[in-house]
Every structure is written in structure tokens, then in C-alpha cells.
Amino acid sequence: MSAVQAQGLVKRYGEREALRGVSLRAGPGELVAVIGPNGAGKTTLLSILAGIAKPDEGEVDSSNGTVGWVPQQAALYRRLTVEENLLLFARLEGHEDPHASTAEMLELTGLGERRGEIVARLSGGNQQRINIAIGLLSRPAVLLLDEPSVGLDPRQRARLWEFVSGLAGRGTTVIFSTHDIQEAERYGGRVLVLADGESLFDGSAEDLREAVRSEAPEAADRDFETAFVAYLQHRGH
Amino acid sequence: MRGVRWLLLKDLQILRRSPLQAVLLVAYPILIAVLVGFAISRGPEDPRVAFLNEVPPDTRINVGGEELPKANVKDQVCERVECVFVDDRSEAMSKVESGDVLAALILPSNLVNKINSLSTLTPGVPEVEVLVNEENAVKAELVDDRITTLLAEANLRIARRIGNEGGRYLGLIVNGGKFEVLGETIPILGLRTSARILEQVAPALPPALRPALEEVTEFASQARDNLDVAKPLIDRLAQPIAVDKVVVGGKSPPLEIFAIAVAATLTLAFVVVLLVAGSLALEREENAFPRLTRGLVSSTALLGEKMLLGVAVGLVVTLLMLAGMAIFVPLDWGRFGLWLLAIVASGAALGAAGAALGAAAREVRAVALLAFMITLPIAFLSLVPSGAVGPAVFDLIRYTTALFPFKPALEAITSGLDEAGPGIGGPLLHLAVLFCAYAALARLALRRFAAV
């Protein structure tokens, strides 16, 4: 059973095709990394899966549960406190006991002690954790994270991925986009490679290494990022 | 709609966290209101006035048997105002009614004869006729000021002549002499001679001196009659030429009520437009708009919440302002219901305009700049009375200001404050039309709101 499924997605912005027939399927508790260079179509794909943008062709099925969406830039009110932000969105989600939901999210994010702090004064990492916590308030079966680690230092990044991995461990399907090939390799149970709106690869990180080795043998002995770039060049991107 | 109250609470929390913004929201409009209060008491330099001179040519003013030098009335009037010459009274009236001119000044054909009568035993009341359209208080005050200034100089010159004539009559009473009336010469004894006679008869009052005493009695009667003649002349000294003001159309509240309405409308406009446009743009800057409209709140509900916020805050600020002003200028609290209606309707239309602005500009800084750039000139243009500028320019001003809610809001609030206002129905309908138009524009603009 898949938590979310997309088939033959096409999205055009004027003359430009941002997505060219991309398909994706993710099961419960799966961690899927969407990687690719700038303009590959990662954010467009996640926006369509989130229901924010509509595809010109193809369809999305997420009928097995709600889809939570965490945009790349923290979508929260910086002049409100951590708790006020969570409470606002819990109320907007229509929770029966928004205070309980807020307490649960504060516990989950480990920000309980900073609940009364104005968000603008928190670090980028902590803001991102609240951003994700707001995305989780709808108790989604699928959580979409658009480049969640951008701007975070290594320590904050490690904490973030520990938190996200914990969500997947509890059965939430997590689909995240990233520029960082090593991050995708480390945390993505599955990797979807996009370039110029086209799906080049969909499989495990090990399978991707194998594909890189076979298609760009001259770079096989070098670090994985370099080898991946060579792989993209071989594929004409 | 369940989300609207939480969004409203959130926006109020944000406002509370920004005391500087909150203070500016209140302080700036009050500052502007004070400046406008000073400005509205000053009119333009050369208002357009229709001028009709019905006095026959070559008629000269003659006071006390002496002709005044021929005065070029046309030049004297037209150096103070921009004269629009008309052929008859009906043309003058139609120009005033249409707002083409600020007022009409009519010099009637009998004006000079009546001025000449001032030095006679039967002085008339020379009048000039002024036609005005008191569609707003500034205009009414402006006309009064201009006409008063215009006539003051003429009155002063004539008053000097009449004063001399009055002095001659009084001299006759005191010193005696001859007075001609209807071609007959009447000797006047005078108080001085009378005193002398009395002195003569005082030592003894035998019956033989009775005729002399009768003479004194006769003089007393003459003196009383002469003083009666002098009295109306002296009365006319204050203002030899009177103004007969005819209100052709329109009615206006007192200037101080109008000034309060201007200040209240300016406050409301700035608070509502800035708050609604700014808070809507803030949703985008905080990246919250896509998250909110992804099933939590519809775009229409979000717009409604922002407009509700603007109306609520605008209502509180404007009512506080009116309550503060009521300490200095008595306001009719019996019309409080109409105040509320006018402020809420105005706030809604201004809020819709603010929403359209916020959705179109999308960035808080741009929104703030645009709000000032649009609201201030529109507010000032809305205060320009018809006739103060040329007809083509005024038409342009009229159509431009009709596209923004400030002018109908001003009319509605003026009507709410005073029964002599322009009537509240028309402005409310105008505000309703603008509300619908701007709300539709805002909704359209939101389609591209989240795009980079």
C-alpha cells in the first residue's frame, strides 16, 4: 500500500516544462530524497504533491491520509512566540484540544523550554523545527519537506535529521528535497534524481552508486558528489 | 470562517508586539489631521466668481452733493478673483449650481441710486447679491471670506462720505443754518442760538416773552426730527452696502464640524489602508500565505479577516479621536448610530482598497510607500471645492476622487456628524460599490500573491 502516488506529472510555466512526466510512489514510513541541480523541478514536484500547484498533466493520489507540507522558508509568524505559533495553527487545523496538540509538538521538537520565546530570536535550526512541527500538526500520513536543511550548521542539521528519522520510524512517510547528495545518500531510504524536469533515477542510494559507477566510470573512484555530477553530464544535464 | 477569529487574534498579538507601529498608526494620522485642519481654513488665491454688472454705464456715485471719482468696479473685483462674466442672472445661477464657479456676484441696476440715497433724508439699503452653492463647509467659508474682503474697501470709501454728511446734519443742529427739502428752505435755529435765547429770557419770564419760548419749543421738535434723519445714516456707516446671500443649492455643516470630519476620515483612511495592506503583505513575507490557503483558510476568508481587522481597529481609533475632539467642539451624540454606520461603511471600503493594494504590492515596504503615495494626494484632492479650479481640472479631480473611497467616506462621516451634511444615502451607496469593486480586485490579485 502506498501513502502517496503520483503518475506522469507534467507542469509547464509558459514555454518551459518544469516537470516532464515524473512518477513517484512512497510507502508508509519511507524516507524518499528528491535530489537534482537547481531548476530540476524538485520544489515543483513537492508543491504538486502538497496540492499547492496543479499539474498540467498526470495525477496525484494521497487518499490514504493527509499530506503535511513544510516549505523551504519557514512559514510562521516571527513576532509570535513558539507556543503562539503552534497554538494558532492547531486552532486553524480545528484540533479539539489545541493546547494539548501544542504541548505534544513542543515535546516532539524539544522546544518546550523555549515555548515563550519570540520566533525571530531563535536560530534558523530551531525555526525550521517549528516549521516542521506546524507541518506535523495535521498528523499527516505523508510529510513533504522542501530543502529542510538549507542554512543550518552541521550540528543543527544532525538534530533535524534525527528528528525527521524519528518521524519516519513512527510510520510517517517523509519526502524531502535537497541539493546535498551526501545528505540524500545518508538519510534517504530511496532517492529520486531529477534534472531539467525529467526523472533520471528512482531507487536506493546503493543502486544510485551502482548507476553512477556504470554510467560515469571515469569518476567512479572519486567522491560521490563528483561522480554524481559526472553522471548527470553523461545523461546530458 | 472558524479560522478568521484566530487569525484576527494573531494579528492583534503581532500589533501588540510592535508598539512603535501601533503608535505610528495613531500618531501619524493625527499629525496629518492637524495639518489639514490648518490648511482647510485657507482657500486658493484666485477663486472663479461669476460677475454680473447690471448698473447702467456712466452712473456715478454722488454722496452729499459730491461725485466720487468713476470707479472701475470690474477691475477692482477682478483683481481679487478670477471673473467669469455672465450676461444675466439665470446664467450666473446655473454656473453656481454646476460648480463651474465658486459664487456669483451680482451688482443690481439700482445699486448706485441706493448708494446715492444714503446722504438723503430717506436713505435706502444698497445691496449686492451673492449666489453660492454651499455644498461643503470650506466652500461656504471661502465665499464669505472673499465677498467680505471684496466689499470692505468699497464700504470704507462710502462710509467716509456718509460720515461727513452725518456730521453736516449734526452741525446744523448744533450751530443752526438753512436746510433745503423739496425745494423749500427751512431755517434751523440751532442749539447754540437756542441757548442764547434762553439765557436772555431767563431773568424774567413775563407773558410777553412767550413767543420766544415757543420758538425754543419749535426748535426742540426740529432737533428731534433732524436727529431721526441722522440715525439711519449713522447706522449705515457700519456697512453702507449690504450683501444679500442666496444659497442656490447644497447645504453644509459648520466649518468646525467639517474639519473634524476631515480629521476623522484621514485617520480612518490611514489606519485602515495601512493596516489591511500591511498585514496582508506580511502574510506573504512570512511565507504563511500558501500554508494558510492550503486548506486552513480560504483566500476569501483571509481577505475578509484583514478587512475586519481594519474596520475594527479603524472604528476604535476614529471613535477615540471623535470623543477627544468632542471635548473642544460639541458633537451631536444623538447621531451616534449614524457615526457608527458611516465609519463602518467607510472602513469596509477603505479596507477593501487596502486589501487590493496589499495583494498587488505584496511587500510590506512597498505597500506602506504606496499607501502614503495614494492616500495623501487623494485626500487633499477630495477637499478641493468646485469653482476653486478650472472646470476641466475639477472634472478630472471629481472623477479621480470618485474612484477611491476617501471622498464618499468624508461625505458619509460629515453627514453622520451633522444633519446639515450632504445626506448619507448617496455616499453609503458609493462606498458599497467601491467595496465590491476593490474586494473583487483584491481577490483577483491574490491569485498571483504567493508567486515570487
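In strand 6 (residues 127-133) of chain B, B:V130 is the bridge partner of B:L105, a residue of strand 5 (residues 103-107) of chain B. Strands and helices here are DSSP runs (helices: H or I, at least four residues; strands: E, at least two), numbered from the N terminus. This is a predicted model, in which local features need pLDDT of at least 70 and side-chain atom pairs count only at pLDDT 80 or more, while totals for chains, interfaces and linings use all residues. Residues are numbered from 1 along each chain as its sequence is written, and chains are lettered from A and ligands numbered from 1 in the order in which they are written.

Let's stay with strand 5 of chain B for a moment. Four bridges tie this strand to strand 6 of chain B, and the two run antiparallel. Two strands are said to pair if DSSP finds at least two bridges between them. Strand 5 of chain B is also joined to strand 1 (residues 48-53) of chain B, by five bridges, and these two run parallel. There you can find B:L52 standing opposite B:I106.

Now look at which way the side chains go. B:A103, B:L105 and B:L107 point one way from strand 5 of chain B, B:A104 and B:I106 point the other way, and all are buried. Buried means that 20 or more other C-beta atoms lie within 10 Å of a residue's own (12 or fewer is exposed, in between is partly exposed; C-beta atoms are placed from the backbone). Because five of the five residues of this strand are buried, strand 5 of chain B is largely enclosed by the rest of the structure.

Buried residues lead us to the cores. A nonpolar core is a set of buried Ala, Val, Leu, Ile, Met, Phe, Trp, Tyr and Cys residues joined through C-beta atoms within 7 Å. In soluble globular proteins, nonpolar side chains tend to be buried together. The largest core in this model has 141 residues, and those with the most contacts inside it are A:L144, B:V273, B:A277, B:A349, B:A352 and B:A355. Helix 9 (residues 255-285) of chain B gives the most to this core, with 22 residues. Apart from it lies another core, of 23 residues, among them B:A50, B:V86, B:V130 and B:L131. Two residues are in contact if their C-beta atoms, placed from the backbone, lie within 7 Å.

Let's move to chain A. This chain has eight helices and nine strands, and 45% of its 237 residues count as buried. Among its contacts between residues at least 6 apart in sequence, 68% join residues at least 24 apart.

One open sheet of chain A has three strands in the order 2-1-4, with antiparallel pairing. Strand 2 (16-26) and strand 4 (57-61) stand at the edges with a single partner strand each, so one side of each is left without a neighbour in the sheet. The twist averages 20° from one strand to the next. Strand 1 (residues 4-13) of chain A pairs with strand 4 of chain A over four bridges, and A:V10 stands opposite A:E57 there.

Which helix lies across strand 1, strand 2 and strand 4 of chain A? That is helix 1 of chain A, running at about 120° to strand 1 of chain A. Angles like this run from 0 to 180 degrees between N-to-C directions, with axes as lines fitted to C-alpha atoms, for helices over the stretch in contact. Helix 1 (residues 42-50) of chain A is mostly covered, with eight of its nine residues buried; among them are A:L45, A:I48 and A:L49. Just after this helix, A:G51 takes a positive phi of about 85°.

Chain A also has an open sheet of six strands in the order 5-6-7-3-8-9, with mixed pairing. Its edge strands are strand 5 (67-70) and strand 9 (198-203) of chain A, each pairing on one side only. Inside the sheet, strand 6 (residues 142-146) and strand 7 (residues 173-178) of chain A run parallel, joined by five bridges, and A:L143 stands opposite A:V174. Helix 4 (residues 124-136) of chain A lies across strand 5 and strand 6 of chain A, at about 160° to strand 5 of chain A.

Finally, see where the chains meet. The contact takes 19 residues from chain A and 16 residues from chain B. Helix 2 (residues 82-93) of chain A gives the most to the side of chain A that touches chain B, with five residues. By class, that side has eleven nonpolar, three polar and five charged residues. Here Ala, Val, Leu, Ile, Met, Phe, Trp, Tyr, Cys and Pro count as nonpolar, Asp, Glu, Lys and Arg as charged, and the others, Gly among them, as polar.
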